[in-house]
Amino acid sequence: MMTLTSYFMEATYLVASILFILSLKMMSHPETARRGMFLAEGGMFAAIVGTLIGTHIISWVWIIGGLALGSIIGGWMAISVPMTAMPQRTALSHAFGALAAALVGIGEFIVKGNEMGVVTRGALGFEVMLGALTTTGSLIAAGKLQDIIAGKPIQFRGQNYLNLLIALAMVSCFVAFWIHPEMVVAFYAMLTLAFIFGVLLVIPIGSADMPVVMSLLNSYAGLAAAATGFVLGNNVLIIAGTLDGFSGFILSVLMCKAMNRSITNVLFGGFGSVIAEASSANAGGVMREISLDDAAMQLAFANRVIFVPGYGLATAQAQHACRELAELLEGRGVTVKYAIHPVAGRMPGHMNVLLAEANVPYAALYEMEQINPEFPSTDVAVVIGANDVVNPDARDNPNSLIAGMPILEVDRARSVIVLKRGQGRGFSGLENPLFFKACTNMLYGDAKASLSQLAQAVQHV
Ligand code: NAP
């Protein structure tokens, strides 16, 4: 029978679910995304309050201890982790979320494994399997993004066959445990194989495909949480997990579309073969350096300028300096636009978030399909710490590791000025022939310092 407490708990869960749905809707647009985040935080708060007032709490000691520890670690991470390290931090969150789901599942199995109905047991198996493989997969992704593990794909002959074998063994153990809950060994074998499978699933993926892997792992973590909701009979977990799972999956599909890849191609790209090292950039030539004054002159006397921000803009936190230079140029009658590549930076929407923070008007941001036809009639394209997303090899070199990934076609502009610190390569580790083209000049230095100095120089033209 429902008590007053459980009515109240379900009511807070309903409020939390509504807030989650509204927040997702608002996060689909840069102008409302920030408010969407606040709604999501409110939803999470309601869900926590709802859970804490439940009658099923046995001991407050562990809960208060966990809350305190989680709050300290979470607060410390929020303050100390730089924006540029957000993807690896997110990967860690996926790992911990998935581990929590797997641990809850293991706990439920130990306590009431034999008493569960067939549906609940299926959900439990799914939860533990997905939770375990997402844990190790996300840890590997975080390691790759943090450069602790080589970011390049780690591949060996027969890798996909081995993966297939392990996946089959894992699913067989799942089915065995599902049908025969007394087969404890099958349960733990599934768990072990899932941990191993998570590692094997992510190590062969690298270079520019990491954004897809991240959103896919996000989706797995969400689905594991939804399965946990079924096992525990917790509605808000089911709803939030499903929202997370499916929005993550939709994001993966959109990322694949943006990069002209299929999900199977990303996950099993090297099927049956060891991918050869990309025959990158037969560049051969030299990178020409431009002086600050010459760059400022080009910009000040241009009619049309396109700014192309990338990861370097984020590391340098150059978004404000970028907007200030744009405003100066606009004051001189120059038309300034911003070209946004869907995977520029290190997380989906990275550039939109940074430029919105600097109050760059949303109308000035152009997506790849909109802006690419405009490059040939552009006087100067200013590449600000972008590399892979403007690499013409992706379009021109079928042997490149990023072949087929759509790029911002800055090499078609009349003149290109590249702001970067030195000869560093992009996330994919590939050489970029754009930097050697006759139309390209390099302005070396930290992006923020270079943009500020350019703004000063433009004022003196
Ligand atoms: P990128 O290919 O990583 O290149 C960034 C460039 O910025 C580097 O060549 C670096 O050269 C320069 N740089 C770094 N710090 C700088 C600073 N302080 N000032 C000036 N320049 C600086 O970046 P991207 O073109 O934005 O491409 C994004 C890549 O990340 C893609 O391969 C994408 O697939 C991948 N990725 C994206 C996501 C996502 O969701 N958006 C997630 C994970 C991975 P120097 O060292 O010479 O300065």
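The ligand lies between domain 1 (81-267) and domain 2 (292-459), because both give residues to the shell around it; these bounds come from an automatic or database domain assignment. The model is a predicted one, in which local features need pLDDT of at least 70 and side-chain atom pairs count only at pLDDT 80 or more, while totals for chains, interfaces and linings use all residues. Residues are numbered from 1 along each chain as its sequence is written, and side-chain values use heavy atoms, with hydrogens and water left out.

Around the ligand stand 31 residues, of which Arg 346, Asn 387, Asp 388, Arg 421 and Gly 424 come nearest; a residue belongs here if one of its heavy atoms lies within 4 Å of the ligand. By class the shell holds 14 nonpolar, 11 polar and six charged residues, where Ala, Val, Leu, Ile, Met, Phe, Trp, Tyr, Cys and Pro count as nonpolar, Asp, Glu, Lys and Arg as charged, and the others, Gly among them, as polar. Helix H12 gives the largest share, four residues, and strand E5 (415-420) supplies at least two. Helices (H or I, at least four residues) and strands (E, at least two) are DSSP runs, numbered from the N terminus.

A polar backbone atom of Gly 345 is 2.9 Å from a ligand oxygen, a backbone N or O atom of Ala 344 lies 3.3 Å from a ligand nitrogen, and one of Arg 425 lies 3.4 Å from a ligand oxygen. Taken alone, the ligand exposes 920 Å², and the protein buries 96% of that; these areas come from the Shrake-Rupley method with a 1.4 Å probe.

Most residues other than glycine have a negative phi. Asp 147, however, has a positive phi of about 65°, and Gln 317 has one of about 55°. Asp 147 sits in the loop between helix H5 (118-145) and helix H6 (159-179) and is exposed, with a relative accessible area of 63%. Gln 317 belongs to the loop between helix H12 (311-316) and helix H13 (319-331) and is partly exposed at 31%. Buried means under 20% relative accessible area, exposed over 50%, and partly exposed in between (1.4 Å probe, protein chains only).

Asn 234, in the loop between helix H8 (210-232) and helix H9 (235-258), is buried, with a relative accessible area of 14%.

Definitions and conventions. A polar contact is a pair of N or O atoms within 3.5 Å; within protein, one must be able to donate a hydrogen and the other to accept it, and residues adjacent in sequence count only if both atoms are side-chain atoms.
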